[in-house]
Amino acid sequence: MSMKPKKQATLKHALIPIAFLIGILSVSIIKFEADPHIPLILAIIVAALVSVYQLGYTWNELEKGMIDSIKMGMQASLILMVIGALIGTWILSGTVPTMIYYGLQLLSPGIFLVATTLICSIVSVATGSSWTTAGTVGIALLGVGHGLDIPAPIVAGAIISGAYFGDKMSPLSDTTNLAPAMAGADLFDHIKHMFYTTIPSLVIALILYGIIGARYAGRELDMHNIQLMLSTMKDTFMISPVLLIPPVFVIIIVMLKVPALPGLISGTLVGAIFAAIFQGAGLGDLIDAAHYGFVMESGIEIVDDLLSRGGLDDMMWTVSLILIALSFGGILEKTGMLNAIGEAIMKLANNTGSLILSTVLTGIAVNLLTGEQYLSLVIPGRMYKAIYAKRGIHPKVLSRTLEDAGTITSPLVPWNTCGAYMWRTLGIHPLAYAPYAFLNILNPIIAIIYGYLGFSITKLDETEKKSLVSE
């Protein structure tokens with residue numbers, strides 16, 4: 001390994017691994033439909049070569065940088081693993097099926113688009129997955145919309161809006177855990193802070209769907225698929241309002257400011273107890289659901305796809321991505337390459353509004369260039385963390401903005417993994433439903449407006465600022 005004196009990283013040095021990452025991800029994801037893990041490892045190799053042979057770092061120094069960076073993501077990784085177990089036990093207990101069952105009761109011809117958005121929001125919050133929501137309940141609602149003669153792109157827009165509201169706000173969602181991990185924020189602080197931008201976006205979206213949907217009032221609903229789902233869940237699980245206690249319990253824990261990890265473990269245990277009491281689950285069933293996830297075998301594909309998920313194993317794909325992405329960021333941070341990018345951005349972002357705008361545009365750009373939603377949280381998160389700290393802005397503002405831009409715009413890009421999935425699942429081109437995905441359009445705009453107005457931009461006190469800047 002090179003022992004040359006270290007050089008200060010410049011923007012040119014930093015752009016070499018970033019450009020390589022964008023190129024290799026674009027080819028791998030778009031052309032070969034590969035996962036981002038191996039391309040990221042290749043980008044780590046390029047970053048290491050630049051660090052060693054151009055900047056004079058040793059491998060031991062780079063390895064320490066990677067390990068230090070990984071340490072920052074360990075809490076999120078542990079939380080994700082617990083959430084996998086929680087999802088498995090909550091499905092087994094009947095909690096998730098109960099939430100979906102009552103959510104589907106919201107259907108009414110006069111407010112079909114509003115109901116569609118709310119139903120998808122409830123299901124997505126319950127499952128933590130926009131993909132699962134769209135691929136199950138979304139398909140059923142698309143069929144109902146067809147029966148009402150509502151244009152499919154409009155229905156798809158309502159489905160996407162609801163699905164991504166839940167994906168963004170659910171503590172069970174991997175992106176909801178990834179964003180605060182990248183920004184250095186607490187999970188529940190992150191979720192509470194997202195209310196400022198996400199709830200107004202949802203309310204405006206619902207008003208717009210209500211205006212559009214009013215013209216279809218009075219038509220009859222084709223409820224075949226919905227009734228099939230309802231009857232299958234009713235036959236398989238005991239459905240009762242009592243089974244809503246586990247999520248209410250977790251909400252209370254959040255309000256009492258219990259740390260995320262013990263709070264979610266408690267929620268998992270409550271779910272397991274309810275599974276034993278109300279669904280007759282044995283100890284073996286509970287262990288399997290927590291470890292491997294719940295497997296639904298009703299023979300009704302739409303229900304089986306919706307409820308066959310969860311488990312610790314199900315989260316390991318995301319955990320491994322976090323570890324690899326943090327390793328890449330660790331090298332860029334250790335060698336000063338992230339700082340070089342940050343300084344270039346700081347020259348353009350001379351106030352809070354322009355900094356929020358830059359963060360939003362970066363998240364959208366990563367979605368466009370790499371085609372991967374997770375990286376739209378990881379790359380800007382690592383790039384902007386130090387900048388926000390230097391400006392005295394709380395990490396939860398950064399984590400919220402990452403989701404306002406990265407999570408929410410990913411399904412609007414046809415070649416993004418999220419856009420491609422929605423296109424394939426719903427059969428509607430993303431550019432066709434994008435104008436009607438009101439929440440996804442409004443959310444980043446509201447985030448930018450807040451940045452310039454200074455509304456809900458929480459500041460750090462001097463002690464917090466010094467602590468974060470020194471990290």
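Visitor: How do the axes of helix α7 and helix α9 cross, and within what distance do they come?
Guide: In this predicted model, the axes of helix α7 (residues 152-169) and helix α9 (residues 187-213) cross at roughly 165 degrees and come within 11 Å.

Visitor: Roughly parallel or roughly antiparallel, then?
Guide: Angles over 145 degrees count as roughly antiparallel, and α7 and α9 are therefore roughly antiparallel to each other.

Visitor: Is that crossing left-handed or right-handed?
Guide: The crossing of α7 and α9 is left-handed.

Visitor: Which residues make the contact?
Guide: On the α7 side the contact is made by I154, G157, A158, S161, F165, K168 and M169, while α9 brings I191, M194, F195, T197, T198, I199, L202, Y209 and I212. Sorted by type, the residues of this contact of α7 with α9 divide into 11 nonpolar, four polar and one charged.

Visitor: Moving to α1 and α2, at what angle do they pack?
Guide: Helix α1 (residues 11-32) packs with helix α2 (residues 37-53) at an angle of about 160 degrees, and their axes are 9 Å apart. That angle makes α1 roughly antiparallel to α2, and α1 passes α2 in a right-handed crossing.

Visitor: And what is in that contact?
Guide: From α1 the contact takes in H13, I16, P17, F20, L21, I24, L25 and S28, and from α2 it takes in P39, L40, L42, A43, V46, A47 and V50. The residues of the contact of α1 with α2 comprise 13 nonpolar, two polar and no charged.

Visitor: Changing topic to α5, what span should its 16 residues have?
Guide: At 1.5 Å a residue, helix α5 (residues 112-127) should span 22 Å, and the C-alpha atoms at its ends are 22 Å apart, which agrees with that expectation.

Visitor: How many of the residues of α5 are buried?
Guide: The helix α5 is mostly covered, with 13 of its 16 residues buried.

Visitor: What follows α5?
Guide: The residue that follows α5 is G128, and the phi of G128 is positive, near 75 degrees.

Visitor: Last one, where does T407 lie?
Guide: T407 lies in helix α19, which runs over residues 395-409.

Visitor: Why does T407 count as buried?
Guide: Buried means under 20% relative accessible area, and T407 counts as buried because its relative accessibility is 0%.

Visitor: Which residues does T407 touch?
Guide: Leaving aside residues up to four places away in sequence, T407 touches Y164, D167, T175, Q373, S376, L377 and L402.

How values were computed
Residues numbered from 1 in each chain as written. Predicted model: local features only at pLDDT ≥ 70, side-chain atom pairs only at ≥ 80, totals over all residues. Heavy atoms only, no water. Helix = DSSP H or I, 4+ residues; strand = E, 2+ residues; numbered from the N terminus. Expected span 1.5 Å × (residues − 1). Buried < 20%, exposed > 50% of the residue type's maximum accessible area, 1.4 Å probe, protein only. Axes fitted to C-alpha atoms, helices over the stretch in contact; angles between N-to-C directions. Parallel < 35°, antiparallel > 145°, perpendicular 65-115°, else oblique. Left-handed = near helix turned anticlockwise from the far one by under 90°. Contact = heavy atoms within 4.5 Å. Nonpolar A, V, L, I, M, F, W, Y, C, P; charged D, E, K, R; others polar.
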